[in-house]
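I open this notebook to record what I looked up in the structure. The entries follow the order of my reading.

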Amino acid sequence: MSAETIFWIVHLPLMLLFLLGMGLVFANWLQGSVGGQADASNKQKIRTLTKSVLATILSRKLLLLVKSFVVEAWFNRRLYRNDRWRWLSHFALLSGFMLLMTLSGISALSDKVLIHLFHLEHIPWIAMWANPDHPITAVLNEIGAVLMTGGLLYFLVRRYLLRVPQLRTGPLDTWMIAGLSLILLTGWITEIVRINSSYAEATAYFAFLGYPLAQLVQGLPLPWDTLFHGMYVSHGLLTSLVIVYVPFGKFMHVIAGALVTMINQMNEEAVRLGWEKGGAHGRA
Amino acid sequence: MAALDLRRFTFKQLMEITACTRCGECITWCPTFAEKEELEAITPLRKIEALQKLIGRQYGLRARLFGAPPLDGALLSTHAEGTYDCTLCGRCGVVCPVHIDTRSLWIAMREQLVDMSLHPETMNTLRDTVSSSYNISGDDNKDRLIWSENLPTIPEGVKGKEQAEVVYFVGCVSSFYPQSYSIPQSFVEILDEAGVDFLTLGEAEQCCGFPLIIAGMGDSARELVRHNVEAVRRTGAEMLVASCPSCYHTWHSDYPRLLGEPLGFEVVHSTELLRDLIGEGRIKLGSFGRPVTYHDPCDLGRTSGIYDAPREVIRSIPGIEFIEMKDTRQYSLCCGGGGDVEMADKELSASVARRRLEQAQATSAQVILSACQQCKRTLAGAVRSAKARMRVMDLVELVARVMEKQGDQ
């Protein structure tokens, strides 16, 4: 059984668990009132929510929503005003994460669908995404990993070494940081092992940090090919485990925080522009 | 204890509770925590965390599979204390990196605590007083115009008029607390001088309901809302002006929601009307020679978004020296008078006021201006306690003082 098959056999049920967890979170949110109706049935609430979402997407408010996502959820202008260093580390971590997830998604699409099913490997701009050693793919992956690593290191220093007074560190925080740290560590190791294995191409040096690190340990008498399979599955499944944990821990803020930021900022802007009536911070 | 009922929260508020990253940014900005650091439960972070824990234990995966445990009484009790030791200044919401609408969330938490009978006993007294007397002081509501009795001449709009373009909603504090009488006295003087067709509701005016709404007892305010709106509609007025920011916000934002329909008239704050009257040349201002600073009331600034109108009024006074304090506009430090905290913890309220006074003193201004009778009362109390050489005035009082009257010319 190949490493990839093992990965999918474990990954898919974990993703089902993730979806169940998200369903539980949504069910809890649904206990609140929607459109002023606290006692409406879940079906009615979902209908009202769907109408509201569609009404927003199909109106000029969509522009505000997109702007809110970019300026406040992603670039986090408010955090930039409050604390530049925190902003930098959070922006690096988030951007790196988004970049790596996007690249993984595009790579899977290219490899498993466009090449495997539709045999489009002859098209260079499709084939490149399935090749981790292509200059563009390699550099982008490296940038993503460096951003995440830099951001995470600052979080570790701030929370556990500097122990900034405003922070209240609990088990949830530690689990989250531990999970992220392990993913990054195994990611770097997987990349180093891959570069030293027979799977890497001659252009592997475009991984501007991974390649020199791989060179450092190249001389070690290790079964690089076998190690690569093991690390590939471990890194992948660790990511899957952390994803499963999202609905049940602090990681949920990645989804909920983005949604809340977008909605509240969009509403504030709509009031400021006179598109809607409301107080500076009105009730939902 | 019954299971945790989440119906007092909206769908979005429950999302906000999940969205909190516990980054602690709110802690550094919380004015009450700065004065009471032994009570962690006051901090926005801990308030949300308490609810996250309570919701998790009642509705999390383990509870769904094996049944929910009984509610943690100790956690609830600490949570209740922290929730009511909040001035609802909203500073935490301004700095929250995920834009949680904290003020609305705290009010929803209070509503839930009221449902569970975990609110302070003083809130019951408040509710009983407002329900029976229609004001917060417990005085006979027929005495709503007592503030007008020592006016040298009482403008026509103060009593006896039944129809007018503008209704001046005086509010309970200005109506019944002698320290604040000069605010409505000054305002009606200005309105009269400017030739504004106005009236006051007199004893038909009832408490706007704000103290009940923020105490988590908004259901008890519905009758007040209905009564007040009907009273204004009967006058045919196109505008309602309030000098109290809390009354203003309640009328402007809460009334349409509670009523379920538009009011049918415009709602403005006194500073907005003053700005317009000055801009139209309907009142002329003389000079004022003492340096002033301005305190942004929470319910006018952060809650209602009105920062510029009061500043434009100040700057239109000839020769005025206006110095801003360290924390202004959306970052303004609370005076400590809001959130019903004065009722729940008088000392805490006074401590917060003291800190704001220190910021005012640092500007070397001789006069602290504000646009809220509650801020004026609280800051004046701080000035008295500190024996500071400063005067606290409402902006309306200053304008009345420097206003050139037709009779003077």
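The entries below concern a helix pair and then a chain interface.

Entry 1. I note at the outset that the model is predicted.

Entry 2. I looked up how helix α1 (residues 11-19) of chain B packs with helix α4 (residues 44-59) of chain B, and found an angle of about 105° with the axes 9 Å apart. The angle makes α1(B) roughly perpendicular to α4(B), because angles of 65 to 115 degrees count as such. From α1(B), the residues B:Leu14, B:Ile17 and B:Thr18 take part, and they meet B:Ile48, B:Leu51, B:Gln52 and B:Ile55 of α4(B).

Entry 3. I then turned to the two chains: 50 residues of chain B are in contact with 47 residues of chain A. The chains bury about 4300 Å² between them, with 54% of it on carbon and sulfur atoms. Of the area that chain B buries against chain A, 19% comes from B:Phe11, B:Arg22 and B:His99, more than from any other three residues.

Entry 4. I looked for salt bridges across the interface of chain B and chain A, and the rule finds 4. One side-chain salt bridge joins B:Glu25 and A:Arg86, at 2.3 Å from N to O.

Entry 5. Which helix gives the most to the side of chain B that touches chain A? It is α1(B), with 8 residues. The residues of that side divide into 21 nonpolar, 16 polar and 13 charged.

Technical notes. Residues are numbered from 1 along each chain as its sequence is written. Chains are lettered from A and ligands numbered from 1 in the order in which they are written. This is a predicted model: local features need pLDDT of at least 70, side-chain atom pairs count only at pLDDT 80 or more; totals for chains, interfaces and linings use all residues. Side-chain values use heavy atoms; hydrogens and water are left out. Axes are lines fitted to C-alpha atoms, for helices over the stretch in contact, and angles run from 0 to 180 degrees between N-to-C directions. Helices (H or I, at least four residues) and strands (E, at least two) are DSSP runs, numbered from the N terminus. Angles under 35 degrees count as roughly parallel, over 145 as roughly antiparallel, 65 to 115 as roughly perpendicular and the rest as oblique. Contact means heavy atoms within 4.5 Å. Buried area is the accessible area (1.4 Å probe) that two parts lose on being put together, summed over both. Ala, Val, Leu, Ile, Met, Phe, Trp, Tyr, Cys and Pro count as nonpolar, Asp, Glu, Lys and Arg as charged, and the others, Gly among them, as polar.
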